[in-house]
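Please walk through this structure helix by helix, then through its loops.

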Amino acid sequence: MNKNNLVEYFRAQIREDPDVASAVAAIRSLLEFLKRDQSETILGLRENMTKAIHRLEETDSSVAVSSGGELFLRFISLTSLEHPDLSQCKNVMIERGELFLKKISLSRGKVGKLCHTFIKDGAKILTHSSSRVVLKVLENAAADNKRFTVYVTESQPDSAGKHMAQKLGKLNIPVMVVLDAAVGYIMEKVDLVIVGAEGVVESGGVINKIGTYQMAVCSKAHNKPFYVVSESFKFVRLYPLNQQDVPDRFKYKADILKTVKDLNQEHPMIDYTPPSLITLLFTDLGVLTPSAVSDELIKLYL
Amino acid sequence: MADSDGRQVVSINHSTEEDVKLQEVVQAKCEGKELTKEEKQRLRKEKKQHKKNKKDDRGPPEKEKEKEKASVLAPSKPATQSPAHKAAPVPVNASASESPVAAEKPAKSKAEQRAERRARQDTERASKQGKKEGGQQSASSKPKATPNELQPVKRLPEHIQVDDPAALKKLAKKLERQQVPLRSDYGYKVSLFSHLHQYSRKNPPTQQISIPATVIHPSIVRLGLQYSQGIIAGSNARSVALLHAFKQVIQDYSTPPNEELSRDLVNKLSPYISFLSQCRPLSASMGNAIKYIKKEISNIPSQCKEEEAKRRLQECIDSYINEKIILASEAISKYAIEKISDGDVILVYGCSSLVNHILCEAFEKQRKFRVIVVDSRPRLEGREALRRLVKKGIRCTYVLISALSYILPEVSKVFLGAHALLANGYVMSRVGTSQIALVAKAYNVPVLVCCETYKFCERVQTDSFESNELDDPDDLIVTRNGKTHLENWQTVKSLGLLNLVYDVTPPDFVDLVITDLGMIPCTSVPVVLRVKNVDQ
């Protein structure tokens with residue numbers, strides 16, 4: 001399977017199932033790539049896989065694709081691949097790949113189950129942009145017969161917030177769209193803030209759609225709890241010290257990175273929220289404080 | 001005093017005979033010969049006799065006993081004895097003679113004395129098993145103590161219990177047993193830090209050792225002198241020097257007959273370690289290195305030949321230095337260079353070998369940055385760092401720590417070295433580091449601490465008072481314009497000079513810790529310790 005086929009497969013996955021996380025689609029494509037790979041040695045196989053991951057990162061520059069790909073690679077090569085026969089090794093790797101895929105497909109459900117208990121009856125929730133995990137959490141809470149209202153920010157430049165409002169409307173949850181600039185104004189009315197994440201970094205901070213950092217600072221000033229919901233395959237081995245320290249390849253969309261010369265003229269699509277502003281993180285590994293994220297990462301990666 | 005004159009004479013006669021024997025033993029010690037087992041036993045018996053005599057003849061002038069006790073405690077005292085040391089035996093003796101009321105009756109019959117002695121020994125044994133160091137004062141070391149052995153209490157290390165006379169007495173006894181000279185404290189200590197040692201550089205412990213020293217290996221004596229004079233300073237340098245000295249010791253070691261290398265060598269190392277901690281308190285990195293060596297030595301199988309065992313130990317030490325220090329610094333540089341971007345203005349404090357290495361590597365990899373070196377008195381270590389960086393060709397600025405808030409708005413990152421990382425995430429480093437971290441936090445400048453994992457220790461500390469090091473107070477004396485104002489500081493009774501060496505930085509001020517395992521937040525130190533313990 002060559003690179004173009006891989007990208008086609010990836011795009012097809014996203015088209016067929018718009019609800020799937022981009023990282024899950026990427027991992028499915030990587031698994032398919034692994035199955036069809038023709039290399040003769042384990043080393044060659046690993047090299048091809050790494051190249052494939054890079055190719056996918058070029059297509060979709062979100063942090064989750066990068067972290068998901070790396071975790072996938074680690075997970076399948078974690079076993080002892082000591083069979084003399086290459087095809088046997090490959091079968092073991094494919095098996096583990098399927099296992100990994102199954103696990104992460106269930107993670108969104110797990111997160112939803114964990115988090116919805118934190119939403120009390122009559123709560124007013126603020127969220128940012130469009131996150132499928134947050135949607136799942138609110139879905140679970142609504143199914144639990146809780147009454148709550150949701151405020152969603154518009155989240156320019158792609159107006160993702162309006163899509164979120166539509167989806168929530170279909171679930172019969174009362175929702176209101178607010179301007180990005182109105183976050184400070186609305187903060188005194190809300191009880192809690194829940195956002196998703198594109199990536200969770202080593203310090204326990206999160207990388208998410210631009211505007212999240214502002215919301216976090218505001219909620220800290222008003223002493224409102226700021227919750228982040230994310231699956232565990234989004235944990236990534238980055239450690240940004242400030243906004244500038246986030247690598248450029250995550251900040252901008254993939255096609256902009258390729259075409260534009262001077263990135264200073266472009267607006268970044270994501271920002272970094274430091275761990276001091278986050279109250280709790282809900283993941284499929286459990287409910288974590290930001291300092292526990294490093295603990296989990298050490299366990300995952302070391 | 002008149003009626004006790006007779007008794008006084010008796011006691012003096014009594015003691016002179018034993019005194020003679022003692023003097024012989026003391027002389028032997030002075031000559032640096034190792035005491036044979038019989039001599040050691042005799043010494044022990046004499047001391048017990050002394051104690052018994054003191055209790056039986058109650059009321060002999062304390063001064064006499066004091067002198068004898070003093071001579072027993074520190075065999076080779078130089079003439080220039082500081083008053084502080086004399087003071088120590090006085091409270092010890094005061095406590096000894098204050099001993100329980102039962103012993104106050106004069107002229108007891110022999111049988112009663114024997115019974116009493118037996119009872120005393122029993123209770124002493126019982127109290128020894130449930131011994132608690134810090135809380136013990138006069139009565140508890142004596143028989144009437146109610147031993148609280150119910151819960152095992154952690155012992156406080158000796159070097160932070162200097163104001164506790166019982167602990168001092170214990171240390172003196174231990175050092176005497178190991179034939180290591182006891183170093184005396186110097187000058188008036190500020191009361192908040194009176195629980196720490198304060199030594200003078202003009203009075204090194206090596207003066208009290210005769211040449212050739214047969215008890216302590218000469219390379220250890222040399223190392224001790226280098227530590228106490230400040231010739232070798234810096235956590236990595238001290239650990240490496242220690243390991244090299246131990247390599248020499250192992251090379252020259254030969255197993256005595258009927259002894260096993262794995263046990264005897266460890267016992268041989270204990271007096272050396274006591275001596276080194278008298279010269280300068282051990283650092284956390286040195287402590288970990290010593291633990292590692294002791295473990296390796298005791299893991300040598302008994303059927304291993306001596307040559308083979310020695311070779312194996314040398315290899316272990318070499319690989320420890322290589323892995324934990326040299327390769328670790330390579331790994332840390334690799335991670336740290338990712339954090340240095342072009343156009344950065346980096347602030348460093350003092351002279352950390354690791355931080356200097358990182359900056360030199362980054363410069364070689366063509367990163368464009370400039371460095372601001374912050375320095376402080378009295379050590380002025382920043383000058384050494386400045387020298388090394390300028391030699392490489394890095395653009396540097398030099399300021400004193402008082403100009404910190406002036407220079408910080410220009411700074412983009414702060415790189416700090418560490419002496420040790422404590423289990424609760426606090427960073428122990430050169431005094432002034434926590435100040436830099438605090439001001440950097442106020443200006444929102446990221447603070448990065450670079451530390452190898454062998455410096456992580458299980459201790460917990462939240463302030464800089466509990467466990468620290470006091471350097472020579474005379475270092476603070478400076479001559480400006482021909483005038484030395486603090487020259488006679490000892491004559492002013494209410495004046496104390498404080499020369500602290502370390503301070504402790506809370507984890508809220510530190511943004512990132514770079515270790516050879518990767519980049520971790522300050523709160524993850526116990527996780528790394530846990531992972532390391534599992535590995536071992």
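Helices (H or I, at least four residues) and strands (E, at least two) are DSSP runs, numbered from the N terminus. The model is predicted, so local features need pLDDT of at least 70 and side-chain atom pairs count only at pLDDT 80 or more, while totals for chains, interfaces and linings use all residues. Residues are numbered from 1 along each chain as its sequence is written, chains are lettered from A and ligands numbered from 1 in the order in which they are written, and side-chain values use heavy atoms, with hydrogens and water left out.

On that numbering, Asn444(B) sits in the loop between α17 (433-442) and β7 (447-450) of chain B. Its phi is positive, about 60°, although Asn444(B) is not a glycine.

Chain A can be read around α5(A). This helix has 30 residues and spans 44 Å from its first C-alpha to its last, close to the 44 Å expected at 1.5 Å a residue; the expected span is 1.5 Å times one less than the number of residues. A kink of about 35° in α5(A) is centred on Ser107(A), where the bend is the angle between axes fitted to the seven residues ending there and the seven starting there.

Helix α4 (residues 63-77) of chain A packs on α5 (residues 86-115) of chain A, with axes that come within 9 Å and cross at roughly 135°. That angle makes α4(A) oblique to α5(A). Axes are lines fitted to C-alpha atoms, for helices over the stretch in contact, and angles run from 0 to 180 degrees between N-to-C directions. Angles under 35 degrees count as roughly parallel, over 145 as roughly antiparallel, 65 to 115 as roughly perpendicular and the rest as oblique. The crossing of α4(A) and α5(A) is right-handed; a crossing is right-handed if the near helix is turned clockwise from the far one by less than a right angle, and left-handed if anticlockwise.

Contact means heavy atoms within 4.5 Å. On the α4(A) side, Gly68(A), Leu71(A), Phe72(A), Phe75(A) and Ile76(A) meet residues of α5(A) including Met93(A), Gly97(A) and Phe100(A). The residues of this contact of α4(A) with α5(A) comprise seven nonpolar, two polar and two charged. Here Ala, Val, Leu, Ile, Met, Phe, Trp, Tyr, Cys and Pro count as nonpolar, Asp, Glu, Lys and Arg as charged, and the others, Gly among them, as polar.

Helix α2 (residues 22-36) of chain A also packs with α5(A), at about 165° and with the axes 10 Å apart. The two helices α2(A) and α5(A) are therefore roughly antiparallel, and their crossing is left-handed. Among the contact residues are Val24(A), Ile27(A) and Leu31(A) of α2(A), and Met93(A), Gly97(A) and Phe100(A) of α5(A). The contact of α2(A) with α5(A) divides into nine nonpolar, one polar and four charged residues.

In chain B, the axes of α9 (residues 218-229) and α10 (residues 235-252) come within 9 Å and cross at roughly 165°. That makes α9(B) roughly antiparallel to α10(B), with a right-handed crossing.

The loops remain. The peptide bond from Gln156(A) to Pro157(A) is cis, with omega near 10°, and Pro157(A) lies between β2 (148-153) and α7 (160-170) of chain A. Ser159(A) is also in the loop between β2 and α7 of chain A, and has a positive phi near 50°. In chain B, a cis peptide bond joins Arg377(B) and Pro378(B), with omega about -5°. Pro378(B) belongs to the loop between β2 (369-375) and α15 (382-392) of chain B.
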